[in-house]
Every structure is written in structure tokens, then in C-alpha cells.
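Here is a short note for a colleague who has not seen this structure before.

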Amino acid sequence: MFIWNDFVQALKGTSVEFEHLKVIQLAQAILESGRGSSDLFKIHANPYGMKFRREMRAIADQVLFTDSAGETDIYCKFDDLEEAVKGYWLFIDRPVYSGWRTSRTTPEDYIEFIAYAGYIGGPFDGSDSDRSSKDNYIKKILNLLPEAKTLLGIPVAPVAPVTPVTRKTWKAKGVLLEIGHGPNPSGSEPGAVAPSGEREYDLNKIAAQEALKVIQAAGVPCSITDFGGNTISNDLYEIGKTAAGFDVFCSIHHNAANRSAQGAEVLVHNRKGDAADLALAKLMSAEIAAELGIRDRIARGRDPRQALGVLSGAEDTNVRVSVLAEVYFIDAPVANRTDWSQRGGRAIGRSILKWLATNP
């Protein structure tokens, strides 16, 4: 019989490739095993509900098991708890989750990636119901992170209270954030690449997720769209059209030039943008620049109006405002690009909230 506290200690003491992801590994075990109360864990040392796959033969045995829903299948059986810890990562290293290391920056990035790759309900099929199912799973796991951190002895930082808006500041569906570049049916567009190897797409995603947290914490509906379109098939215009029905559409990017230029700038469409778009662009550019202590290129005379396909598509919908944020130049010297992208993303979120508050 396997004991829950023994598993927690085994997880704490077992070396894994990315130690900061142990909190997610434990949070998933908390959810899947009911804190060690499942028979699959107590009898077979499987706290994750992992079904047997051929890649697991080196570390796990097969066992026929009937779950709580009455469904019988072949599951992983581990000899000891350390093997259960290591087996989890062998399971994740299978081809179905190929690419998970590109989403390892934070536990939040990681769980979102594997959930949509197929950990819950199979690979994302594009439907609203599947999106809802995966998002609900992600939310459950993230809600368990404080408990997982406590069990692992990781200090839990106090969360500053956020006062939700006392009045509705949005008229339509709220805010839609678009992660620039990334995977698409034709391959993948990483965008610019920093001298130290960071890809623009990954930094765009970090900034978008931070902006999402700020906006949702204020009680404003916010969603993220993540599809790396390309100009050949006119995907950028089609991505912009997803702005239909939203108050704010913001495409998030990072600049690159000559490895010395630095600054923030927020752009609007050169022909279809209007005074409201320009107002948000100026507000957001100033907010990012102030947060990062860099030049506000819009305030310094940079013309924010450009012929951008994604903004062209957005402006051809009923979206109230649409902008494209270039958070900072990733090819210039930056001490910590992840930190800058997180802070820049939060600045994007704050500026959007300010615009909504003054344009209800």
C-alpha cells in the first residue's frame, strides 16, 4: 500500500530536469489521485491516472484497472514512488507532447501546453466545448498550486488584493489578446530571435499571459488567441477578423533591429485606424516605456500608423479599438528578457484597463 505523504517526499527528493515544474507535477497528482486516496495510487503507485504506453516499458508494468467511472483500461503500475515521479516525465516526453520544453518557462505555460497537446481529452480539436474542458482542467490545476508549493516547502508569496471594477467598463466581449508569430499549418514562425536564443513568439506568449492576468483580475473578460499566421496565405488578416465583437484587440510582439535600438512602441493601422486607436496606442506605449525604463518611441515622434495585416482584419470588424504592441527590442542588451516581457505584459493590461475606464 502506497502512502500519500511518502509520495510527496519522494517527489521532493527526486531530481528532475526542471525542478520548478514539480509544483505542477504535484498539483496534477493532487487532482488525479484525490491526494492519494485513489486505488490506482494506493495499490499501483500511479497518482496521475497514466494509461500504459509502449514508451513506458522501461519503467512501468501494465495493469488492468477499472476507474471510478467504471471504465476498464490498461494503466501504468510502478514498483516504487521514485519510479512514479520519473515515469511522469517519461510519459510527457512522448511524441504527442513534442515541444513541451519550449513552454517550460513557468508552471502556467507548461500546464497550458500539455493540456492542449492532449493530456486532457486528447489533442485540441478546435471546438468551444473542448476549449472549455481544457481551460477548466488548467484552472483546477493552477488553483492547486499554493497547496502544492506548501507541500514541497516552497514559500507562497502573498497575493496583493485586487479590487474588481465596481462598474462595467466594457460594452462588448471585453479584450482579445493575440500572440504574434508561432505555430501554423505551414510550420512555425518564431519571429525575431535574441542573441541569447530567446524566440519572439515565446516572449510574446509570456507578455500576453501576464496581460491576461491583470485584465481578468480587474473583472474584465479577456481571451487569448494563439495562431501564428503567415502573410503568404493571408492568415494575418484572418487572425485580425477574430476581433469581431470585442472592445479591444491587441496583437503582442517584440521588436528587433540593429542590436542597439531600444524602446516601446504601439502601432495602429495606417488607413483604417481612428482617434480611439491612436489614443490607446499612445497610452499603452507610454505605460510600457515607463514600466521598463526605456524610450517611448511614439512620444518621441515615431509614426504609429503602419499597414499591418492583422490590424487590417481587426479594423474590418466591429471591434472598438485595435493596436499592435512592440514591447521592446529583444536583440538589444537586456538583463532578463523573461522579466521584461512579464512586466511589459502587465503594462499592456494596465493600459487597456485605463482605456476602458475612460471610454465606457
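1. In strand β9, Gln306 is the bridge partner of His269. That pairing belongs to β8 (residues 265–269) and β9 (residues 305–306), which run parallel over two bridges. Helices (H or I, at least four residues) and strands (E, at least two) are DSSP runs, numbered from the N terminus. Two strands pair if DSSP finds at least two bridges between them.

2. Some notes on the source. This is a predicted model, in which local features need pLDDT of at least 70 and side-chain atom pairs count only at pLDDT 80 or more, while totals for chains, interfaces and linings use all residues. Residues are numbered from 1 along each chain as its sequence is written, and side-chain values use heavy atoms, with hydrogens and water left out.

3. Leu267 has Leu324 as its bridge partner in β10.

4. Is β8 mostly covered or mostly open? Mostly covered: five of its five residues are buried, where buried means under 20% relative accessible area, exposed over 50%, and partly exposed in between (1.4 Å probe, protein chains only). Glu265, Leu267 and His269 point one way from the strand, Val266 and Val268 point the other way, and all are buried. In a regular strand, side chains alternate between the two faces of the sheet.

5. The largest nonpolar core has 49 residues, and Ile92, Trp100, Ile114 and Tyr119 have the most contacts inside it. Elements giving two or more residues to this core are α1 (4–13), α2 (22–33), α4 (81–92), α5, α6 and α7. The largest share, eight residues, comes from α5. A nonpolar core is a set of buried Ala, Val, Leu, Ile, Met, Phe, Trp, Tyr and Cys residues joined through side-chain atoms within 4.5 Å.

6. Which residues does Ile114 touch? Leaving out residues up to four places away in sequence, they are Gln28, Tyr88, Ile92, Tyr97, Trp100 and Tyr119. Contact means heavy atoms within 4.5 Å. A second, separate core has 44 residues, including Leu203, Leu280, Val327 and Val334.

7. On a 1 Å grid over the protein atoms alone, a cavity is a set of points where a 1.4 Å probe fits but cannot get out; a pocket is an open set with protein on both sides within 12 Å along at least five of seven lines; lining residues have an atom within 4 Å of a point. Grid points are joined across faces, edges and corners, and a volume is the space filled by probe spheres set on the points.

8. The largest pocket holds about 2100 Å³ of space. Its lining has 45 residues, with Glu108, Glu112, Ile138, Gln209 and Leu212 nearest the centre. At least two lining residues come from each of α5 (107–119), α6 (128–143), α7 (145–152), β3 (175–179), α8 (200–217) and β6 (222–225). α8 has the largest share, seven residues. By class, the lining has 22 nonpolar, eleven polar and twelve charged residues; Ala, Val, Leu, Ile, Met, Phe, Trp, Tyr, Cys and Pro count as nonpolar, Asp, Glu, Lys and Arg as charged, and the others, Gly among them, as polar.

9. Gln209 sits in helix α8. The residue is buried, with a relative accessible area of 10%. Apart from neighbours within four places in sequence, Gln209 is in contact with Asp109, Glu112 and Ile224.

10. The second largest pocket holds about 680 Å³. It is lined by 27 residues, of which Glu32, Tyr48, Gly49, Lys51 and Tyr75 lie nearest its centre. α3 (39–44), β1 (61–66) and α5 each supply at least two lining residues.

11. How many cavities of 30 Å³ or more does the structure hold? There are two. The largest cavity, of about 60 Å³, is lined by Thr102, Ser103, Thr105, Asp109, Asp202, Lys205 and Ile206. α8 gives the most to this lining, with three residues.

12. The second largest cavity has a volume of about 50 Å³. Its lining is made up of Thr106, Glu108, Asp109, Ile206, Gln209, Glu210, Lys213 and Gln342. α5 and α8 are the elements giving two or more residues to that lining, and α8 gives the most, with four.
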